[in-house]
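Hi,

Here is the structure I promised to pass on.

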Amino acid sequence: MKRYFQFSILSMVFTYLLIFVGGLVRVSGAGMGCPDWPKCFGRWIPPTSLSQLPDYIDPEKFNLVLAWVEYLNRLFGALVGLIILITFILGYLHFKSSKKVLYSISGAFLLTLLEGWVGAKLVDTVLDPITITIHLLLALVIIGLIIYSSIQAYFAIVGNFEKDSKYHPHAKNVILGILVCLFIEIIIGTEIRGGLDMSRKDNPLIEGIILLKMLGPFKYMHTILGFSLLGLTLYLRKIIYDNKFKSSPFMVNSVNFIMVLIFTQILLGEALVFFEVKPLMQLFHMWFSSLLIGLSVSTYTYWKISIEQ
Amino acid sequence: MIKKSYIIFLVVIISFLGISATWVITKANQSIQELPPVIKKVPDFEMVSHLGKPFNQDSLINKISILDFIFTSCPGPCPTMSSNMRTLYKQYKLHPDLQFISISVDPEYDTQEVLKAYADANGVNDQRWKFLRADMKAVKKLSTDGFMFMSESLPAGHSVKFVLIDQNGNVRQYYNGTDAGSIAILRTHINSILKNIKPKA
């Protein structure tokens with residue numbers, strides 16, 4: 001059982017790294033680094049020079065750096081898939097009795113397979129924007145399921161660590177509200193990103209900041225929802241710290257971390273608008289949002305465990 | 001409440017990720033914008049534009065040129081090539097330093113009037129896109145000696161490549177003129193050259 005817990009934590013860490021690497025592929029423009037899938041230019045080890053290209057591929061498409069960036073993402077993806085598979089097998093062996101653990105890790109594993117398939121479709125469709133968004137959302141659902149299963153496994157191993165906690169009756173809805181807003185916020189964010197890419201294609205020499213202004217309502221919705229999220233989180237923090245109730249340190253730390261991250265996200269987001277759209281900042285903006293999803297799922301799980309007998 | 005060591009750990013991880021990511025992004029950007037060194041210099045030539053003005057190797061100096069070979073009655077790849085060229089022509093309308101050159105490989109049919117009509121049909125309304133003609137021998141010579149294209153079976157067997165020529169009249173890169181992916185790379189190269197020559201202008 002402990003082994004399962006260790007592997008589920010490993011799955012979580014590696015999935016987060018994979019989300020980061022995936023974002024890196026996106027911001028460095030390496031999405032089509034390999035024009036075929038699963039091989040890269042017809043080879044299991046990507047070519048290191050033009051002379052290694054097979055004769056049916058246009059050498060013009062070849063860019064050494066982009067090919068390797070994309071291919072490392074795939075290799076790393078395969079590794080993460082393997083780790084999740086092992087976690088799933090351990091879950092099946094040790095947690096037959098705990099449906100919460102078993103179902104969530106099974107779901108995570110199945111969605112991981114689906115995620116690989118969507119990745120292949122991304123290459124097929126030459127980076128269709130909607131498919132890119134699905135690729136990210138699936139990753140977020142997978143990370144959510146993995147985190148849920150690890151915390152439930154921890155509960156099964158050490159017993160109810162939330163038994164002394166008592167949360168405000170609003171806690172559940174506030175947490176769910178934060179989760180829903182986060183998902184909507186992320187979808188709008190990917191729309192902004194996609195729109196930016198499109199208009200950049202049409203206006204090659206205009207600075208990113210002017211293009212951003214052209215995007216209009218989406219940008220304002222993103223900002224407004226961002227501040228609403230901050231409001232929700234501050235409220236959650238208030239009821240978590242309320243003396244009439246009792247919170248576990250897990251909950252307190254998670255909520256504080258969420259708050260810090262949302263502040264950071266707002267600063268990063270506004271910096272993207274007012275200064276320049278820097279790829280590195282975009283990457284972290286996306287990655288922090290995935291951390292926020294994970295933390296919100298954690299707080300929900302803590303709350304859920306606290307009402308178990 | 002949260003241990004200091006955790007915070008330090010987090011900061012270290014994020015810095016590490018940030019530095020690695022910066023390295024990858026920089027490498028990727030360099031690789032996209034990387035232009036090969038000069039492939040060869042465009043040799044001397046003498047042609048006439050669709051407006052009846054002479055055009056020779058000196059007309060390439062101090063301009064970035066995108067050049068292709070087409071003929072107006074071409075049923076095959078030329079419409080796609082011209083359509084891609086037209087998109088670029090429209091997109092870069094604010095950049096007089098960038099010129100587009102289409103050389104006819106069927107000078108018998110493509111008289112100056114025919115080329116003028118073709119230019120009009122493509123919405124050409126300024127000096128930035130020129131349609132050139134010369135006698136067949138000169139066209140073949142430029143196509144073969146200048147750009148290393150096969151020219152035995154002109155007009156039908158002309159190349160579908162776009163050629164990027166820098167401000168010194170040097171061939172810098174070839175792109176597939178019918179392929180959107182290639183054009184995207186061309187656009188990146190145009191942008192980086194335009195940015196580089198900006199301070200001089």
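Below are the notes on the domains of chain A and then on chain B.

It's a predicted model, so local features need pLDDT of at least 70 and side-chain atom pairs count only at pLDDT 80 or more, while totals for chains, interfaces and linings use all residues. Residues are numbered from 1 along each chain as its sequence is written, and chains are lettered from A and ligands numbered from 1 in the order in which they are written.

Chain A is assigned domain 1 (1-159) and domain 2 (167-309); the bounds come from an automatic or database domain assignment. Their centres, over C-alpha atoms, are 23 Å apart. The contact (C-beta atoms, placed from the backbone, within 7 Å) involves 19 residues of domain 1 and 16 residues of domain 2. On the domain 1 side, helix 1 (2-27) and helix 4 (129-158) of chain A each give two or more residues, with helix 4 giving the most, twelve. Helices here are DSSP runs of H or I, at least four residues, and strands are runs of E, at least two, numbered from the N terminus.

Chain B has five helices and eight strands, in the order α-β-β-β-β-α-β-α-β-α-β-β-α from the N terminus. Its C-alpha trace spans about 85 × 35 × 35 Å along the principal axes. Of the 201 residues in chain B, 34% are buried (20 or more other C-beta atoms within 10 Å of the residue's own, C-beta atoms being placed from the backbone).

Cheers

Terms used:
Buried ≥ 20, exposed ≤ 12 C-beta atoms within 10 Å, placed from the backbone. Contact = placed C-beta atoms within 7 Å.
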